Amino acid sequence: MAYTLAEIAAQLGGRVLGDGSVRIQQVATLEKAQAQHIGFLANRKYQSQLATTQAGALILGEADADASDKPRIITEDPYVYFARLSAFLNPEPQYPVGVQPGAYVAASATVHPSASIAATAVVEEGAVIGAHCVIEAGCFIGAQAVLGEHVHLYPRVVVYHHCVLGNRLIVHSGAVIGSDGFGIAMEEGRWRKIPQIGRVVIGDDVEIGANTTIDRGALDDTVIEEGVKLDNQIQIAHNVRVGAHTAIAGCVGIAGSAVIGKYCRIGGSAGILGHLQIADHVEIAAFSLIGKSIRQAGSYAAIYPFSTSEEWRKNAVHLRHLDTLAQKVKQLEKELKSLQGTQA
Amino acid sequence: MAYTLAEIAAQLGGRVLGDGSVRIQQVATLEKAQAQHIGFLANRKYQSQLATTQAGALILGEADADASDKPRIITEDPYVYFARLSAFLNPEPQYPVGVQPGAYVAASATVHPSASIAATAVVEEGAVIGAHCVIEAGCFIGAQAVLGEHVHLYPRVVVYHHCVLGNRLIVHSGAVIGSDGFGIAMEEGRWRKIPQIGRVVIGDDVEIGANTTIDRGALDDTVIEEGVKLDNQIQIAHNVRVGAHTAIAGCVGIAGSAVIGKYCRIGGSAGILGHLQIADHVEIAAFSLIGKSIRQAGSYAAIYPFSTSEEWRKNAVHLRHLDTLAQKVKQLEKELKSLQGTQA
Amino acid sequence: MAYTLAEIAAQLGGRVLGDGSVRIQQVATLEKAQAQHIGFLANRKYQSQLATTQAGALILGEADADASDKPRIITEDPYVYFARLSAFLNPEPQYPVGVQPGAYVAASATVHPSASIAATAVVEEGAVIGAHCVIEAGCFIGAQAVLGEHVHLYPRVVVYHHCVLGNRLIVHSGAVIGSDGFGIAMEEGRWRKIPQIGRVVIGDDVEIGANTTIDRGALDDTVIEEGVKLDNQIQIAHNVRVGAHTAIAGCVGIAGSAVIGKYCRIGGSAGILGHLQIADHVEIAAFSLIGKSIRQAGSYAAIYPFSTSEEWRKNAVHLRHLDTLAQKVKQLEKELKSLQGTQA
């Protein structure tokens, strides 16, 4: 499908400058765009590419309205406009409606007739699958689990028994929702398992990345509030609460019972220890371990700066004696003061 | 089901104080408990909740026997008692016995008649599935693999060929046991794969978390001893040995041929380099990389302390010059001593 | 099967010393080898084991040709020779050719008649499976995805729609190729999803470990060049490019649009931030976060050295005041110089 700039602006808003009849098939980066593409400038860093791009049209911010004379759509936030246009130009594929041959749906499960259940998917007793859900191949929906409407589970997602998923969720392959939390108690030299009888409860408009794991609660529930976005390979332990609209990058680990605020942004491979509280609007840098609660919005970090291995070896050794170094400086200050006293 | 305190104590031990006829349906936290729940105090931190809890009964330690006048069970270790009671009140669901329609079991595989093999599970040639095993949907048991008794594989667990699992194992969804170790040799500018012909051998009473991976040995086996507890998303490389009753939190990575002692506790996202030896009873803090063997029981750490990003930037820059700073202090000490000499 | 040393050398090269008629069944470590095994010395560390090994024969380097009088094969690189011999002695098992009962292959998919598609595997519309591919149980090949020849997908691998895999790939269980990249834009307090319309394109001879995830590109493709070796649980974000023959150990995270050079080696749990460029032949130590582009080949590190928790506590606290410490030293130098001046 192709649309003219004028048709696009009629659909999505924005102001057309130049020839509104130019036809666009797809979005693209300025660097790769061809005549049938619309490019966009959302980052000053790429401004020089405006001069060389082969794009047939552009999405520009108000400040850059005259930075090119190509056919263009002017809008407040070019990145958001691009996102909306890309969704418009790339609609989700259609999935066959109904329970497909080769799917296993328990007799007591409730599947809305508009839902799509693929071959090799399994839906257990008492589970509820809402309208327009897409359950792809190899997915498993445990007993009594409840999925809202328009939930899309990519192939091989596991939802354990009794978990509750809201509306418009997207869950990518290999994600596991509701596995047992890591609850053990030492008893006479052996670990005793603590049954994990809570659930995972997930709000609306959450997206969960590939191979991410979210453990069910030990007694109370693990809760992911609405609008949370989780990247791949994240581990969320039992009884964690992640506040609404928080975005977490890949490989992050959040230990048990931590409570993360709303609108937080957590960088890749970061970690949060158990039972901590993180305020709203906190940003945590990649690779940073948070070991105490954070009560104030703001940006936090704990990253060891890299260098050549040779330099690293030379410098890192002192970390094991930093206290001694600090004591030496204290002692030097004292002795110098004393020396200065004798001079005075 | 509901039980009186007296019935519970008859089953699990402990001393009943107050009305032994009060009926309990479920365990709960002090904060969330209602009349049909029994709460427990296992952590001083929550002691103040004894005054306000709505729990119908309590589990208390000897020292707290009189800290409430609610009906209560007094026991030596309230947390362990709670764990046992929770298991009593929340028995595993029943799984249908036998090979279910839609399961694929090879002709030469041996499945004990008391085992449960779900639809879409696959059991390959020569595999052995012991008594009372539960193999849920989408699991794969490779050729010649052997599972003991009472092994529970949640949906979508993969056990590669020839691996050996003990009795009473629990393995959560997405775990992969026996994938090839990362064995490669550089030969004339290309990596040559080294066949991984060892197995994974796992002892009794091990629990393995969701999406955890355990590679098969290169030549000898990778070994997980009895009673080991592994959380989610752990990576255990080829030829590692994890000692009995060691507990490892989520996202830990253990490199090839490392040998971990018994009764160790390893915090989340920690790492252990290859070929190291870790003594028994070692505790490793979250996020800490262990780069040398540890011969002594004890607690070890390597965590960069977090701060605001602004403070971090100000301080971290000096890490790259720590050696220079240390040299400066040495020089200052020398010059000060010389100066003090001239004063004397 | 067993082979004489002479037969092995005829097949794989190398010079036989001692009795060439000794029969070998399997490769083994010097420590575990018995009479039917051939051991190898590839690491000086194990040289003392030459005296005690029970191996029936040995693989030795030229320099060690006379270090044992057992029957032996002398070769330039004993580790590579061992790798080749192990592959010779341990051929891949045979998989049943054709689409097996219980596999779901869409009508418009193209499966080469020499390929093996296992029960519970799913191949979607328009997908292409090349000659001699092995698609094991529970795998999912998305619509229009293309697999070259001799691709081996272990059980439960997911390849999303439109992704392109080269020849001779090995992908281990739980790996996910082509899941959506983490692309979101904040719009009036809510995250808007940015459609991920790029693909993952993977070159020849790549191996991908268990539960590794590789996201599809946002607009352009994510690219893994030929000969790349990826261990388990690696996360590769959208639009990353990994250069040919680079080897990446377990649990590494590579953020969006990073470009990694050829022949790099990245240690376990390391990380690379988004949009960085890493030169060819760069080595990155385990657990190190790379926060700026690296333009020079070489070895880089950023590891906090571990110690006992007690020592760690004592030392780490000063990291938060390292700038103050550095200022103090500067001040001391100044004051000392001034004091020295008054002395002169």
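**Strand pairing and chain contacts in the predicted model**

In chain C, β21 is joined by 3 bridges to strand β26 (residues 213-215), and the two strands run parallel. Within this pairing, Ile177(C) has Ile214(C) of β26(C) as its bridge partner. The model described here is a predicted one. Strand β21 of chain C, which spans residues 176-179, is also joined to strand β18 (residues 158-159) of chain C. These strands again run parallel, with 2 bridges between them. Here Val158(C) is partnered by Val176(C) in β21(C).

In chain B, an open sheet of 10 strands was found, with parallel pairing. The order of its strands is β9-β12-β15-β18-β21-β26-β29-β32-β35-β38. The edges of this sheet are formed by β9 (104-105) and β38 (289-290) of chain B. Each of these two strands has a single partner strand, so one side of each has no neighbour in the sheet. For β38(B), a pairing is seen with strand β35 (residues 271-272) of chain B, in the parallel sense and over 2 bridges. In that pairing, Gly271(B) has Leu289(B) of β38(B) as its bridge partner.

Pairing also occurs between chains. Strand β40 of chain A is joined by 2 bridges to strand β39 (residues 298-301) of chain C, and these two strands run antiparallel. Ser307(A) stands opposite Ala301(C), a residue of β39(C).

The contact between chains A and C involves 61 residues from chain A and 61 residues from chain C. On the side of chain A that touches chain C, two or more residues are given by each of α2 (78-89), β40 (307-308), α3 (309-316) and α4 (322-343) of chain A. The largest share of this side comes from α4(A), with 10 residues. By residue class, the side of chain A that touches chain C divides into 29 nonpolar, 23 polar and 9 charged residues.

The arrangement of chains A and B was examined by superposition. Chain A can be laid on chain B with an RMSD of 0.1 Å.

Notes: Residues numbered from 1 in each chain as written. Chains lettered and ligands numbered in written order. Predicted model: local features only at pLDDT ≥ 70, side-chain atom pairs only at ≥ 80, totals over all residues. Contact = placed C-beta atoms within 7 Å. Helix = DSSP H or I, 4+ residues; strand = E, 2+ residues; numbered from the N terminus. Nonpolar A, V, L, I, M, F, W, Y, C, P; charged D, E, K, R; others polar. Pairing = 2+ DSSP bridges. Least-squares fit on C-alpha atoms with pLDDT ≥ 70 in both.
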